[in-house]
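Good morning, and thank you for coming. I would like to present one protein chain, which I ask you to keep in view as I speak.

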Amino acid sequence: FDRRQLVGGVQTGGRRHLVASEDGRRTLFERVILPLVSRYAEEPAIVAWDLFNEPEWAVLGLGGRFPRAGSFAAFRSFFEEAVARAGSVVSQPLTVGLASVRGLGLVQGLGFGFHQVHWYDGMESRYPLGRPVTDLGLDVPIVLGEFPTRGSSRSVEEILDIAAAAGYAGAWPWSWGATDEATDPEAGAERAAAWAASGTAG
């Protein structure tokens, strides 16, 4: 969704049509998505397929910050087709990693196996982590797909406590391998595992 440019001879950006147009979606599904998911459709190591990470940043009206952001309707069509086409092939559930609960309208009611939202401290004033999941009127369970393991005003354990009390079905620390300011992979993994083993997870 960014402007087209060549980096080391490889095109980055300039591929908005793969979501925004019917022909583009057909190409993306037939040449990339369906061959990939078909090959690993029964792979037991794959818990779920996350079809798009934080699409809101490319959606007009939902915080779209890319020069070639797409429409809400185009993304709904893309996700609807993804559920129909990829969902008919794989044994694992499908999901989309939303930047926040604000993006739930993109995926609600389309047949995803579960919903997934992310949370960081800067979101708290608008999208409180402790808001009960029952307030969201969801059709399927929801998990906390990202939360910080470093740089937060809350500990890993506090975040997990709040998410569990709010009704999230699970939570995944960010991240296992990144080197950004929100990641402490060792501490995140150890403390999340200890929290789960303590029985707090219920």
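The model is predicted: local features need pLDDT of at least 70, side-chain atom pairs count only at pLDDT 80 or more, and totals for chains, interfaces and linings use all residues. Residues are numbered from 1 along each chain as its sequence is written, and side-chain values use heavy atoms, with hydrogens and water left out.

Let us begin with the sheet. It is open and has 4 strands in the order β3-β4-β5-β6, with parallel pairing. Strands (E, at least two residues) and helices (H or I, at least four) are DSSP runs numbered from the N terminus, and two strands pair if DSSP finds at least two bridges between them. At the edges lie β3 (49–53) and β6 (142–146), each pairing on one side only. Strand β3 is joined to β4 (residues 94–98) by 3 bridges, and the two run parallel. In β4, Gly-97 is the bridge partner of Asn-53.

A pocket here is an open set of points on a 1 Å grid over the protein atoms alone, where a 1.4 Å probe fits, with protein on both sides within 12 Å along at least five of seven lines; lining residues have an atom within 4 Å of a point. Of the 16 lining residues, the closest to the centre are Leu-18, Leu-28, Ile-33, Leu-51 and Phe-52.
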